[in-house]
Amino acid sequence: MKLFILVALFGLSIAQHNPHIKQGRTAIVHLFEWRWADIAAECERFLGPNGFGGVQISPPNEHIVLNSPWRPWWQRYQPISYNLCSRSGSEDELRDMITRCNNVGVNIYVDAVINHMCGASGGEGNHSSCGSRFNAGTKDFPSVPYSALDFNNNKCKTSSGDIENYSDVFQVRDCRLVSLLDLALEKDYVRSKVAEYMNKLIDMGVAGFRVDACKHMWPGDLEAVYGRLQNLSTVWFPNNSRPFIFQEVIDLGGEAISAREYFHLGRVTEFKYGAKLGTVFRKWKGEKLVFTRNWGEGWGFMPDGNAVVFIDNHDNQRGHGAGGASIVTFWDSKLHKMAVGYMLAHPYGVARVMSSFRWDRRFVDGKDQNDWMGPPSNSDGSTKPVPINPDQTCGDGWVCEHRWRQIKNMVIFRNVVDGQPHSNWWDNGSNQVAFGRGNRGFIVFNNDDSDLDVTMNTGMSGGTYCDVISGQKEGGTCTGKKIHVGSDGRAHFKISNSEEDPFVAIHAESKL
């Protein structure tokens with residue numbers, strides 16, 4: 001009997017590693033702080049037609065609304081209840097978005113904040129996105145309901161009640177993260193309320209969850225919560241499909257809490273990926289692209305089947321989280337496009353693209369004083385819609401990296417080469433490298449201080465291909481560079497290091 005239970009639990013956790021992305025799609029995008037109505041429209045007009053597999057959405061639960069003239073992005077990460085009305089829209093708008101995205105083959109993954117509620121001082125003069133009454137001082141959240149009995153009041157042994165030493169595993173998991181009221185997830189009642197919230201979203205049609213702040217929760221508590229989750233809706237997913245779980249665990253190595261403690265529960269965010277690749281493309285610390293020949297597990301990353309990878313996320317693009325100044329973002333657009341292109345060309349992990357909004361950066365002593373700024377907003381604090389310009393970029397402060405031609409076309413590249421091996425590596429011993437994906441795709445980077453002018457084996461069939469970085473295939477012609485591959489699979493590449501985008505990519509479907 002014990003063996004049967006162990007096998008059943010093992011099967012359950014393995015199933016939670018599967019993102020259930022529809023056939024022919026491979027990558028997901030984080031539409032950070034987008035309204036539900038805009039995500040629904042984006043699924044239909046852009047994400048579905050261009051082969052994106054899913055969207056990570058911002059937390060949909062009721063959250064604190066700070067009583068001030070500004071609305072920081074992080075107020076979404078301070079729950080007041082599990083009611084589904086947020087800065088992104090109402091429950092009806094959320095349901096409509098999930099349905100419309102599913103109908104065009106784009107999955108929805110919810111950012112689930114289940115470690116805590118709002119800050120300990122959050123009740124004074126502030127209100128919530130649904131208008132629910134709450135009192136953080138007395139730990140009273142009647143819309144759940146939670147009371148003082150449902151928080152880690154006595155388990156934390158620090159004088160402040162907050163985490164004071166990240167080397168102490170008990171503090172990290174039993175004390176408050178930056179004064180956020182820490183839920184007692186070992187209690188059956190708390191587990192039931194969290195699972196009830198997640199199951200409601202599953203009923204609505206979501207494919208899974210990005211679970212926030214997992215290192216601050218005991219793996220056993222998470223396992224108990226995940227075990228209560230229903231299978232995915234059979235309206236859009238096969239029978240007995242388990243929700244995809246990917247867990248935020250910041251582990252750059254040498255941490256008191258390791259990412260591997262969560263592997264059996266679902267995938268985990270591989271923070272070393274963006275930190276290391278940013279260092280490589282910035283050419284810091286003596287790093288070179290040539291060293292990435294064994295990129296992935298060869299660099300000490302977690303096993304491929306456990307990893308969700310990304311170049312930047314909503315935290316570390318602001319200098320929070322992990323990676324520091326090495327993280328490349330839309331502010332460094334040339335490097336960002338190359339790094340995202342590398343990620344999407346390489347087979348390691350489930351890839352997530354970041355889609356951001358701009359804010360007014362103001363540095364004092366090297367620190368951005370405005371990193372708190374929320375999304376583009378109207379004077380009443382409501383989030384602005386995302387306007388689409390005639391050139392398909394976004395306006396009104398929305399960056400929309402996923403719409404950049406180079407990144408959108410590399411999402412398609414990843415779909416075309418899916419399942420093909422990493423192959424036909426070439427390098428110049430420094431920062432010019434190339435590699436293929438079987439006979440389905442080939443990519444060349446010049447991040448050196450000199451031009452690249454080389455003939456190399458691509459592994460591709462003979463013919464003329466459109467480079468999908470400088471342009472793309474439209475009808476029977478290329479809007480950018482043409483690459484001629486001989487019958488022997490060899491092609492000549494010439495890339496100046498001064499080009500706007502010093503990399504070239506071709507794939508089987510970009511062939512004329």
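Q: In which handedness of crossing does α5 pass α6?
A: This is a predicted model. In it, α5 passes α6 in a right-handed crossing.

Q: Which residues make that contact?
A: From α5 come Arg191, Val194, Ala195 and Met198. From α6 come Gly220, Asp221, Ala224 and Val225. By class, the contact of α5 with α6 has five nonpolar residues, one polar and two charged.

Q: How is a pair of packed helices described, and what are the values for α5 and α6?
A: Two numbers describe two packed helices: the angle between their axes and the distance between those axes. Helix α5 spans residues 188-204, and helix α6 spans residues 219-226. They pack at an angle of about 50°, and their axes are 9 Å apart. That angle makes α5 oblique to α6.

Q: Take α7 and α8 next. At what angle do they pack, and how far apart are their axes?
A: Helix α7 covers residues 271-282, and helix α8 covers residues 333-345. The angle is about 125°, with the axes 10 Å apart. Angles over 145 degrees would count as roughly antiparallel. The crossing of α7 past α8 is right-handed.

Q: How do α8 and α9 pack?
A: Helix α9 runs over residues 405-417. It packs with α8 at an angle of about 10°, and the axes are 9 Å apart. The two helices are therefore roughly parallel to each other. On the α8 side, the contact uses His336, Lys337, Val340, Gly341, Met343, Leu344 and Ala345. On the α9 side, it uses Gln406, Ile407, Met410, Val411, Phe413 and Arg414. These divide into eight nonpolar, three polar and two charged residues.

Q: Finally, the backbone. Which residue has a positive phi although it is not a glycine, and which peptide bond is cis?
A: Most residues other than glycine have a negative phi, and most peptide bonds are trans. His20 has a positive phi of about 60° and is not a glycine. His20 sits in the loop between α1 (2-15) and β1 (28-31). The bond from Val144 to Pro145 is cis, with omega near 0°. Pro145 belongs to the loop between β6 (127-128) and α4 (169-174).

Notes: Residues are numbered from 1 along each chain as its sequence is written. This is a predicted model: local features need pLDDT of at least 70, side-chain atom pairs count only at pLDDT 80 or more; totals for chains, interfaces and linings use all residues. Side-chain values use heavy atoms; hydrogens and water are left out. Axes are lines fitted to C-alpha atoms, for helices over the stretch in contact, and angles run from 0 to 180 degrees between N-to-C directions. Helices (H or I, at least four residues) and strands (E, at least two) are DSSP runs, numbered from the N terminus. Angles under 35 degrees count as roughly parallel, over 145 as roughly antiparallel, 65 to 115 as roughly perpendicular and the rest as oblique. A crossing is left-handed if the near helix is turned anticlockwise from the far one by less than a right angle, and right-handed if clockwise. Contact means heavy atoms within 4.5 Å. Ala, Val, Leu, Ile, Met, Phe, Trp, Tyr, Cys and Pro count as nonpolar, Asp, Glu, Lys and Arg as charged, and the others, Gly among them, as polar.
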